Structures are given as structure tokens and as C-alpha cells.
Amino acid sequence: MEIQKEKEGEDIPRRKFFLIVGWGAFLALIGGVIFSGVRFLFPNALNEPPRIFKLGKVDAFPEEAVSYVEEHKVFIVRDEEGLRCVSAICTHLGCTVNWDDQYGKFLCPCHGSAFARNGKVLKGAAPRPLEWFKVVLTGDEKILVDKGQVVDSNYIYEV
Ligand code: FES
């Protein structure tokens, strides 16, 4: 009888101990999942480039040329009519298009889409023309692009 009492005395604290450890681990797991979910919604840094940005002086972009601005993935198109800005992002799956000076068109290296100088699709998988963005000159003669304002391909800022 005395031996059984000793075992019963030890079993009760052990069960409580494992119950507390089990619930503690379960609550810690649920807390970690909730914390991770909330943390995911509020990232530390927003790595998206700004939608409105200034480029260099207009004279830095040669006339009658299509100049690529890698940092913002746009082309600045200058001709006798003025200044325009076109997206370098292919409308198929988002590859960066290249300007082919020899043939005067934009070419996508991924799936072979080709775009005319005015951004219209010439061939390939691209479903839509390239996007054009509003561009103006600031008071200090610098080019200001607003990627938030998509404009018609006929839009020209007269220089
Ligand atoms: S991403 Fe340009 S053709 Fe597919």
C-alpha cells in the first residue's frame, strides 16, 4: 500500500507538468504563426522604385535617339517633335525589351515579340503595345517622368 501511494504522488505532478508543457508549446506555435502572418503584412523596406522621378538634363539625351534608362526600365525617345517616354517592360511576361537601332524597333529577347517605334505590337506573343508615360521638363531643364500616368502613344512633350 505504501509503495502505491508513492507512485500516485509522483504521477499527478508529472501529468500536470506535461500538460503545461504541451499547452505552452501549442500556444507558442499559434502565437508564432499569427506573429509571422502580421509581420508579413508590414515589410521593413519597400523596394519598389518611385513612380515619379527626375532624369538628367534633356541635353544628355541625344536627338533622334532612343536612350535606355536602366534604373527605371524606360526609354527616352527624342526626335524633332519632342520628348517621349516608353516602358521597357514587355507586355507579354515582363521581360526587358531592347531597342534595335538598325531596324528601328523594340525587340523582346524572351519570346520574340517585336514592337514598332511607337510601341505597337509588330509580332510575337505580346498582347498589348508598350506603355507610354507622361514626361515633362522641369524648370532646371531636367526630364521628369511620371510612371503613374500612362498616356497615349501620340503624347509628345515639345522641347
Ligand atoms: S516576355 Fe516578351 S515576348 Fe514574352
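Two strands count as paired if DSSP finds at least two bridges between them. Strands (E, at least two residues) and helices (H or I, at least four) are DSSP runs, numbered from the N terminus. The model is predicted: local features need pLDDT of at least 70, and side-chain atom pairs count only at pLDDT 80 or more, whereas totals for chains, interfaces and linings use all residues. Residue numbers start from 1 along each chain as its sequence is written.

- Six strands form an open sheet in the order 1-10-9-4-3-2, with antiparallel pairing.
- Strand 1 and strand 2 (65-69) are the edge strands, each pairing on one side only.
- On average, neighbouring strands of this sheet are turned by 30° against each other, direction ignored; axes are lines fitted to C-alpha atoms, for helices over the stretch in contact, and angles run from 0 to 180 degrees between N-to-C directions.

**Strand 1 and strand 10**
- Four bridges join strand 1 (residues 52-57) to strand 10 (residues 142-151) in the antiparallel sense.
- Ile 52 has Asp 146 as its bridge partner in strand 10.

**Strand 9 and strand 10**
- Strand 9 (residues 132-137) runs antiparallel to strand 10, and six bridges join the two.
- Val 135 has Val 145 of strand 10 as its bridge partner.
- Lys 134 stands opposite Asp 146 in strand 10; Asp 146 is also the bridge partner of Ile 52.
- The hairpin of strand 9 and strand 10 has four residues between the strands, and Glu 141 takes a positive phi near 65° there.
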